[in-house]
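Here is my note for your first look at this model. Read the points in order, with the structure open beside you.

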Amino acid sequence: MGRYLSYSLLPFAFCLGVADAIAQGYPAKTVRIIVPFAPGGTADTLGRIAAAKLTQSLGQTFVVENRPGAGGLLGSELASNSTPDGYTLVVSGVASHVIAPALAAKPPFDPVKDFTHIALFGGPPAVFGVHPSLPTKDLKAFVALARSKPHELTYGSPGNGTQGHLMAELFRQRAGIDIVHVPYKGASIAVVDIVAGHIHAISTTLTTASAQIRAGRVRALAISSESRLADYPGVPTFRDAGYRDVVGTVWFSLSGPAGMPVDAVNRLNGEVRKVLELPDVRERLRPDGILPNQLDAKAFSAFMVAEVKRWGPIVRASGAGVD
């Protein structure tokens, strides 16, 4: 009986041995991190920080490959179709894995089932700001002005279906105001136009508007973080203004194809969390309001499911499409 029991346990022991070997030997070669957006944005910045630090800590090269297009769908689809061995990863996030699939008539992947979600980087909150010439010193005054002038005030965003657009849409719904959305093809163009006074307001990431806010060319009325940020103590949150569910960040993360080895996932998660706690990394991210997260892989996967459920109805109500 003991002999048969021992033989029956051999496959299980073999699997444990393979898993342990993967954990100890991973990575054994270059790892590709796909960034499904153009160089220069927050996704690219976070991907490159992670690649550089993981190269140092794990002793193998992590390289970034930009594959932009369709709101992040193209690069993300490429990653989802890759071999799930841990050597092709993708900078995922709310834009590419929550918003873009909800906007697409036929999404090329399931953001939950077709990926292994590894680690949450974090991200900046959205900011709602106005041109200094607008006589609104706070969100309450802006709402009052918008109600007195329905369909007259304009606000810009980085584009249809972006987090800036959807956060403003959520605020608009909760405030019961009629303001006109002006979608741009990128945040930088929207920032240029509000500084020039071509639009009344803007909803974008704090990262892209921070320089103009500090210079006084944009008046920040509210940010979408859960609490005020140390670098912007005078800027209230939407919660402070009474809009308790207008909360969220333009978060980014690290994922891979579905079916990655659990031990490799856990090792990557642990290393990414160490990276996010490094003093130079925290100092690099802090001025842009990027708050690092410390979720394990299981908790991050649950977070992804919750975000898909939360933003789906808002995306559909916005009437936006993939740019």
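1. Start with a term. A pocket is an open set of grid points with protein on both sides within 12 Å along at least five of seven lines. The model is predicted. Its largest pocket has a volume of about 1100 Å³. There are 43 residues in the lining, and those closest to the centre are Phe37, Pro158, Thr162, Gly186 and Ala187.

2. Which elements build the lining of the largest pocket? Seven names come up with at least two residues each: α2, α4 (94-103), α6 (163-175), α7 (187-196), β8 (201-205), α8 (206-214) and α10. Helix α4 gives the largest share, with five residues. By class, the lining holds 19 nonpolar, 20 polar and four charged residues.

3. Move to the second largest pocket. Its volume is about 380 Å³. Of its 20 lining residues, Glu226, Val247, Gly248, Thr249 and Asn293 are the closest to the centre. Two or more lining residues come from each of β4 (115-123), β11 (291-292) and α11 (297-318). The classes here are seven nonpolar, eight polar and five charged.

4. How many cavities of 30 Å³ or more does a search of the whole structure find? The search finds one. About 30 Å³ of space lies in this largest cavity. Its lining consists of Leu46, Ile49, Ala50, Phe121, Val275, Leu276, Val281 and Leu285. Sorted by class, that is eight nonpolar residues, no polar ones and no charged ones.

5. The cavity lining can also be sorted by element. Helices α2 (42-58), α9 (262-277) and α10 (279-285) each supply at least two residues. The largest share, three residues, is from α2. Find α2 and α10 again in the largest pocket, where each supplies at least two lining residues.

6. Next, the aromatic rings. A pair of rings is described by the distance of the centres and the angle of the planes. The count here is nine aromatic pairs. Take Phe128 and Phe142: the ring centres are 5.1 Å apart and the planes meet at 70°. Planes over 60 degrees apart count as edge-to-face, so this pair is edge-to-face. Phe128 is in strand β5 (residues 126-130) and Phe142 is in helix α5 (residues 139-148), 14 residues apart.

7. Phe128 has 1%, so Phe128 is buried. Phe142 has 0%, so Phe142 is buried too.

8. Compare a second pair. The rings of Trp251 and Phe303 have centres 5.1 Å apart and planes at 65°, so they are edge-to-face. Trp251 is in the loop between β9 (219-223) and β10 (252-257), while Phe303 is in helix α11, 52 residues apart. Trp251 is buried, with a relative accessible area of 1%. Phe303 is at 25%, so it counts as partly exposed.

9. One aromatic cluster is formed by Phe128, Phe142, Tyr155, Phe171, Phe238 and Tyr243. Elsewhere on your list, check Lys29: its charged end sits over the ring of Tyr87, 4.8 Å from the ring centre.

Key:
Residues are numbered from 1 along each chain as its sequence is written. This is a predicted model: local features need pLDDT of at least 70, side-chain atom pairs count only at pLDDT 80 or more; totals for chains, interfaces and linings use all residues. Side-chain values use heavy atoms; hydrogens and water are left out. On a 1 Å grid over the protein atoms alone, a cavity is a set of points where a 1.4 Å probe fits but cannot get out, and a pocket is an open set with protein on both sides within 12 Å along at least five of seven lines; lining residues have an atom within 4 Å of a point. Grid points are joined across faces, edges and corners, and a volume is the space filled by probe spheres set on the points. Helices (H or I, at least four residues) and strands (E, at least two) are DSSP runs, numbered from the N terminus. Ala, Val, Leu, Ile, Met, Phe, Trp, Tyr, Cys and Pro count as nonpolar, Asp, Glu, Lys and Arg as charged, and the others, Gly among them, as polar. Rings of Phe, Tyr and Trp (its six-membered ring) pair if their centres lie within 6.5 Å; planes under 30 degrees apart count as stacked, over 60 as edge-to-face and the rest as tilted. Buried means under 20% relative accessible area, exposed over 50%, partly exposed in between (1.4 Å probe, protein chains only). A charge sits over a ring if NZ of Lys or CZ of Arg is within 6 Å of the ring centre and within 35 degrees of the ring normal.
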